[in-house]
Amino acid sequence: GRRVSVSVNTSDVTSVYSFSYNNPYYTVNGVSRGYGAFYRSTNADQANISNYSTDTYGANISYVFPISEFNSFRFGFDADSLKLKVSDFASTEIRDFVDQHGDSFKSVGMSASFAHDTRNRRIFPSKGGLQRISAESKIPGSQLEFYKITTSAEHYVPLTRLFVLASKLDLGYGDGYGEYNALPFFENFFAGGPSSVRGYKSFSLGPRDSQAEPLGGNLLVVGNLELLFPPPGFEDTKSVRLAAFFDFGNVYKNIANFEASELRYSVGL
């Protein structure tokens, strides 16, 4: 069951080179251990975000502890080095950040998550649910100092043999500490696009910078409601299905800026 993975993934937005190793039975009790290393280059401007890019390389190690049939706990450490590249055309917010904090950061972080998973299968589930809460933080003394907390809940209810009602809610909050009074802008939450609020351009929702480009924020709220069913002629397959969806969500600068009236909505098939 041990797994070794080497991957190369390149696009206009992101290039990633990574190596990982996972041993699902590091102990006889089913505790798994994994570690890896990566290099990632991201051009935010190509993703319709603010005008900057980052080069990051690092390594990580993590452990997953099975608590029961449906519950598990994950804990890990990571170390990385990030180089921020800012052009002369960058927004005021980005240039002010660089003037105050610099453009090169080395940091060590830790993360933890708890998951309760009762889905009948991981790909195209039709009943059960998944609830997960995660936290990550850079340790004090790192050149980056911030924390992020995210929670996700999804549930699947079979209505008939062919129709399933699915719901999902994603919440995220982060903030800086020490010399940082907010999340570093390149760690902000974003919303919009096929994986969050469909019908909007990727990363397009939420606060914008002085050049009217998406900048992201400290608070994320995204929800999805779907009626899932197989396309005509595919009633007996579990590898393809359609969804009539209702999505809502937005990103806010911080909790104090949350306004339910500013949530954006979309419906579609």
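**Entry 1: Glu 69.** I looked up the accessibility of Glu 69 and found 70% relative accessibility, so the residue counts as exposed (buried is under 20% relative accessible area, exposed over 50%, partly exposed in between, with a 1.4 Å probe and protein chains only). I place Glu 69 in the loop between strand 4 and strand 5; helices (H or I, at least four residues) and strands (E, at least two) are DSSP runs, numbered from the N terminus. From C-alpha to C-alpha, Glu 69 and His 116 are 9.2 Å apart in space and 47 residues apart in sequence.

**Entry 2: basis.** I note that the model is predicted, that local features need pLDDT of at least 70 and side-chain atom pairs pLDDT 80 or more, and that totals for chains, interfaces and linings use all residues. Residues are numbered from 1 along each chain as its sequence is written, and side-chain values use heavy atoms, with hydrogens and water left out.

**Entry 3: the largest pocket.** I recorded about 1,300 Å³ of space in the largest pocket. A pocket is, on a 1 Å grid over the protein atoms alone, an open set of points where a 1.4 Å probe fits, with protein on both sides within 12 Å along at least five of seven lines; lining residues have an atom within 4 Å of a point. The volume is the space filled by probe spheres set on the points, which are joined across faces, edges and corners. The lining has 48 residues, and Phe 38, Arg 40, Asp 80, Glu 136 and Glu 187 lie nearest the centre. I then sorted the lining by class: 22 residues are nonpolar, 16 polar and 10 charged (Ala, Val, Leu, Ile, Met, Phe, Trp, Tyr, Cys and Pro count as nonpolar, Asp, Glu, Lys and Arg as charged, and the others, Gly among them, as polar). Among the strands that each supply at least two lining residues are strand 3 (32-43), strand 5 (71-86) and strand 7 (128-138).

**Entry 4: aromatic rings.** I found 19 aromatic pairs in the structure. Rings of Phe, Tyr and Trp (its six-membered ring) pair if their centres lie within 6.5 Å; planes under 30 degrees apart count as stacked, over 60 as edge-to-face and the rest as tilted. Phe 105 and Phe 186 are a tilted pair, because their ring centres are 6.0 Å apart and their planes stand at 45 degrees. This pair links distant parts of the chain, 81 residues apart: Phe 105 is in strand 6, and Phe 186 is in the loop between strand 9 (164-176) and strand 10 (219-229). Phe 105 is buried at 1% relative accessibility, and Phe 186 is buried at 14%. Both belong to one aromatic cluster, together with Tyr 52, Phe 97, Tyr 180 and Phe 185.

**Entry 5: helix 1.** I listed Ile 94, Phe 97 and His 101 as the buried residues of helix 1 (residues 92-101). They line one face of the helix, because seen down the axis they fall within an arc of 60 degrees (the arc of the directions from the helix axis to the C-beta atoms). Asp 99 and Gln 100 are exposed on the face turned away from the buried side.

**Entry 6: positive phi.** Phe 203, not a glycine, has a positive phi of about 65 degrees. I find Phe 203 in the loop between strand 9 and strand 10, partly exposed at 32% relative accessibility. Ala 212 also lies in the loop between strand 9 and strand 10, and its phi is positive, near 65 degrees. Ala 212 is partly exposed, with a relative accessible area of 48%.
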